[in-house]
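This report describes selected features of a predicted model. The sequence and structure are shown below.

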Amino acid sequence: MPFSLLHPRDQIVTIMARIYGHDMTTTSGGNISVLDENGDMWITPARVDKGSLSPQDIVCVAPDGSVKGNHPPSSEFPFHLSIYKARPDIGAIVHAHPCALVSFSICGQAPNTRIFPESWNVCGKIGFAPYAVPGTQQLGANIAAEFASKDQPSCVVLQNHGVVVGAADLDQAFKRFETLEFTAETLLNAGSLGSIRYLSDEQLAFSHQPRTLPPETAPQPATSREKELRKAICDFVHRAYAHRLMTSTKGSFSARVDADTFLFTPYNIDRRELSIGDLVLIRNGHRAAGQTPSRAYTIHSAIYNAHPEINAVVNALPVHASAFCASDARLDTRTIPESYLFLKDVHTIPFDLQYAGTEGIASLIGPKNPVALLENNGVLVAGLTVLDAFDRLEVLEATASAILRSQSLGQVHAMSDAVIQELMEAFPSMA
Ligand SMILES: [Zn+2]
């Protein structure tokens, strides 16, 4: 069901469940509101467990200030009102205290979203509002002033408090909020590795280059192999989202159906809501009529053309491995046998090369080197099967997480060349 057709109270309950389910709020913190066509503001209630909200808990505040509902509105509703007054383009607001953004909040900083095109495109430049007591008109004035400032930010970090994100609708506000928390977490991780690499205006513009879509063709009956792959891709994309290897807006998965037929995740569909009918079939260079594959399809296609053994390719933004993409630190996979066997030596593909043509990337990834870090753009993983590609993606993220966590312990003891050689001899099928 299209999210926009849900009643505001159902939209709010759905999104709060996602936020709580991803540990981006506590039971007591955070509030969400939606402004409807009458000017009524639907908002989460005060002092109700965010982990078990129901539609009946949502409160309606009319333009005259009268309140309808089974509870009082959130104590922070004054700043929601102030933002709606200051920014007529905003129709939904998400406020919470997610851990990574609170780290920025308590250090008096706003995250710089120029680390990934996705972060910049979804969140833009982040504002910062000075502290005031929660629930007061002063806090509302501070936040509204920042939303109304010259840059017109859609996301504002609140000093010693949390973050507020606005958008035209709640679907977009949530995606922005989720992407911003992912960005903040990646920045914290990347900063602990060394210096962080930010993208220039020119580099950020690369992601807006016009794309050429393959011509359309009439759909044909699906084969059993195609049906099997549609379900497998959907299941792994859902799993990747649940494990924070993809965000709702970023992450592409594809698979080879036969020599000339491929399935791709679609452009601009929430990864959590992906269904088997959304996947885009491309046969002999023609896409199923009316469907648009994700932007990554050109790179995936080049990899399939260059490497007939490769049957699945994934682009993802896992929060720990992505930190290596945004810093100059090398991801040394000689940590444990599983890591080296599944990942081999992981190279980083320079940002500009990613937009300089697909052949360059296809030559840097294949059966012998199935994993690459895309500088300031996430990770790219190839596999012999859909499961193989997902497995490598998980191992990559686990390896990156282990290295990041080990930093407080001291130097990582990388496995020596002799140990690696012995390992490869013991597992010749993985060589
Ligand atoms: Zn708060």
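Proline 367 sits in the loop that joins helix 13 (358-362) to strand 16 (371-374).

Neighbours within four places in sequence aside, the contacts of proline 367 are His307, Glu309 and Ile310. The C-alpha atom of proline 367 is also separated by 7.7 Å from that of leucine 384, although the two residues are 17 residues apart along the chain.

**Helix 8**

Helix 8 (residues 224-242) comprises 19 residues, which should span 27 Å at 1.5 Å a residue; the C-alpha atoms at its ends are 27 Å apart, in agreement. Its buried residues are Leu229, Arg230, Ile233, Phe236, Val237, Ala240 and Tyr241. These residues lie on the same side of helix 8, because they cover an arc of only 145° around the axis.

The cover over the buried residues of helix 8 includes strand 10 (252-258), strand 11 (261-264), strand 14 (312-316) and helix 14 (386-406). On the other side of the helix, Ser224, Lys227 and Lys231 are exposed. Just after helix 8, arginine 244 adopts a positive phi of about 60°.

**The largest nonpolar core**

The largest nonpolar core holds 121 residues, of which Ile143, Val163 and Val379 touch the most other members. This core lies between domain 1 (3-193) and domain 2 (224-430), because both domains give residues to it.

Not counting residues up to four places away in sequence, valine 379 touches Ala316, Pro318, Ala321, Ser322, Cys325, Val371, Leu373, Leu374 and Leu396.

Key. Residues numbered from 1 in each chain as written. Predicted model: local features only at pLDDT ≥ 70, side-chain atom pairs only at ≥ 80, totals over all residues. Core = buried A, V, L, I, M, F, W, Y, C linked by C-beta atoms within 7 Å. Buried ≥ 20, exposed ≤ 12 C-beta atoms within 10 Å, placed from the backbone. Domains from an automatic or database assignment. Contact = placed C-beta atoms within 7 Å. Helix = DSSP H or I, 4+ residues; strand = E, 2+ residues; numbered from the N terminus. Expected span 1.5 Å × (residues − 1). Arc of directions from axis to C-beta.
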